[in-house]
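The following exercises concern the reading of a single protein chain. Each one sets a task and then works through the solution step by step.

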Amino acid sequence: LADAAQKVDATFAAVIGTPVPAVIATDYLALKRMTERKINISVLTVDTDGMELYDKGEEKAFLELFKTFAVQKYPVDEKRVGILGMTPQDVSDLAAADKIRDLFRQKQDMQAVCYCMGDGLEEVKKASSVSKNIVVSPAAITTAQYLEKTFGTPYEIYYPLVEDLIPEMDYTGKRILVVHQQVIADSIRKELLKQSAGTVQTACWFMMKKELLADGDVLLRDEDAYIELVQNGDFDIIFADGCMERMIPEFKGIFV
């Protein structure tokens with residue numbers, strides 16, 4: 001790592017855990033200290049073990065990133081809002097960050113800072129300057145709580161582009177299933193209930209935080225669990241990734 005640091009123009013290094021270091025109880029803090037003595041850049045260590053789902057690693061990486069670099073208290077700019085949890089995996093849309101920036105600029109005359117999807121390290125360092133944070137994936141809730149505790153920055157949990165994900169149709173009284181990461185699924189649910197949907201149940205393959213749980217929400221362990229949920233759910237409409245439509249050929253309702 002010290003050798004690479006002499007050849008690469010980098011602002012920091014990250015040491016990410018895999019199964020073997022987990023099994024042999026690697027001391028990441030010692031690795032960090034030893035490495036920082038040899039190179040002149042900051043070193044992040046993330047004690048992942050390669051045995052959990054991607055968002056657990058995201059959660060640790062987000063937190064370590066902000067703990068390491070967001071250390072200075074800046075004056076709060078009421079025209080700036082932070083967007084936490086933006087990654088292509090979480091929002092399934094490579095243009096989502098630009099859409100959110102445009103949305104806040106046009107509707108509220110505000111600057112949306114999309115950490116980890118376009119806005120880089122300098123913005124992370126100035127994280128205390130935003131007037132509030134908006135959390136768009138469950139993996140970023142812990143970081144939002146840390147920033148609130150450290151700098152007093154309030155946060156909200158929702159997906160600003162949710163209206164783009166809901167086609168126009170009559171949802172009145174319909175029984176609906178939404179399969180997505182938890183924040184977007186919950187945002188879709190709230191929007192559908194405003195449109196007089198009967199019941200909206202969410203299901204997720206990844207982490208589910210208690211802040212967003214409602215009665216009937218399901219953590220899916222595998223494909224069979226999803227198939228069984230649809231077979232027993234009597235749903236009129238399903239919101240899910242397109243590849244999941246092939247798993248439920250008997251479904252007679254509307255698949256979005």
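**Exercise 1.** Determine whether Asp234 is buried or exposed, and locate Asp234 in the chain.

*Solution.* Step 1: the classes are buried (under 20% relative accessible area), exposed (over 50%) and partly exposed in between, with a 1.4 Å probe and protein chains only. Step 2: Asp234 has a relative accessibility of 65%, and therefore counts as exposed. Step 3: Asp234 is placed in the loop between α10 and β10, where helices (H or I, at least four residues) and strands (E, at least two) are DSSP runs numbered from the N terminus. Step 4: the phi angle of Asp234 is near 55°, a positive value in a residue other than glycine.

The model is predicted: local features need pLDDT of at least 70, side-chain atom pairs count only at pLDDT 80 or more, and totals for chains, interfaces and linings use all residues. Residues are numbered from 1 along each chain as its sequence is written, and side-chain values use heavy atoms, with hydrogens and water left out.

**Exercise 2.** Carry out the analysis for Ser92: state its phi, its place and its exposure.

*Solution.* Step 1: phi of Ser92 is near 55°, which is positive although the residue is not glycine. Step 2: Ser92 belongs to the loop that lies between α5 (88–91) and α6 (96–108). Step 3: with a relative accessible area of 57%, Ser92 is exposed.

**Exercise 3.** Describe the five-strand sheet and the helices that pack on it.

*Solution.* Step 1: strands of a sheet pair through backbone hydrogen bonds, either parallel or antiparallel. Two strands count as paired here if DSSP finds at least two bridges between them. Step 2: the sheet is open, has the order β9-β8-β7-β10-β11, and its pairing is parallel. Step 3: β9 (218–219) and β11 (254–255) are the edge strands, each pairing on one side only. Step 4: two bridges connect β8 (residues 199–204) with β9 in the parallel sense, and Ala203 stands opposite Val218 in β9. Step 5: helix α9 (residues 182–194) packs on the sheet and touches β7 (175–179), β8 and β10 (237–239), contact meaning heavy atoms within 4.5 Å. Step 6: the direction of α9 makes about 175° with that of β8. Axes are lines fitted to C-alpha atoms, for helices over the stretch in contact, and angles run from 0 to 180 degrees between N-to-C directions. Step 7: helix α10 (residues 223–233) lies across β7, β8, β9, β10 and β11, at about 170° to β7.

**Exercise 4.** Give the strand order, edges and twist of the four-strand sheet.

*Solution.* Step 3: from one strand to the next, the twist averages 25°. Step 4: β3 (residues 77–84) and β4 run parallel and are joined by four bridges, with Arg80 opposite Gln111 in β4. Step 5: α6 packs on the sheet, where it touches β3, β4 and β5 (130–135), and its direction makes about 160° with that of β4.

**Exercise 5.** What is the volume of the largest pocket, and which residues are the closest to its centre?

*Solution.* Step 1: on a 1 Å grid over the protein atoms alone, a pocket is an open set of points with protein on both sides within 12 Å along at least five of seven lines, whereas a cavity is a set where a 1.4 Å probe fits but cannot get out; lining residues have an atom within 4 Å of a point. Step 2: the largest pocket holds about 400 Å³ of space. Step 3: it is lined by 16 residues, of which Ser92, Val179, His180, Ala240 and Asp241 are the closest to its centre.

**Exercise 6.** Which residues line the largest cavity, and what is its volume?

*Solution.* Step 1: the volume of the largest cavity is about 30 Å³. Step 2: the lining consists of Phe62, Phe66, Leu84, Gly85, Tyr115, Cys116, Ala140 and Thr143.

Methods
Grid points are joined across faces, edges and corners, and a volume is the space filled by probe spheres set on the points.
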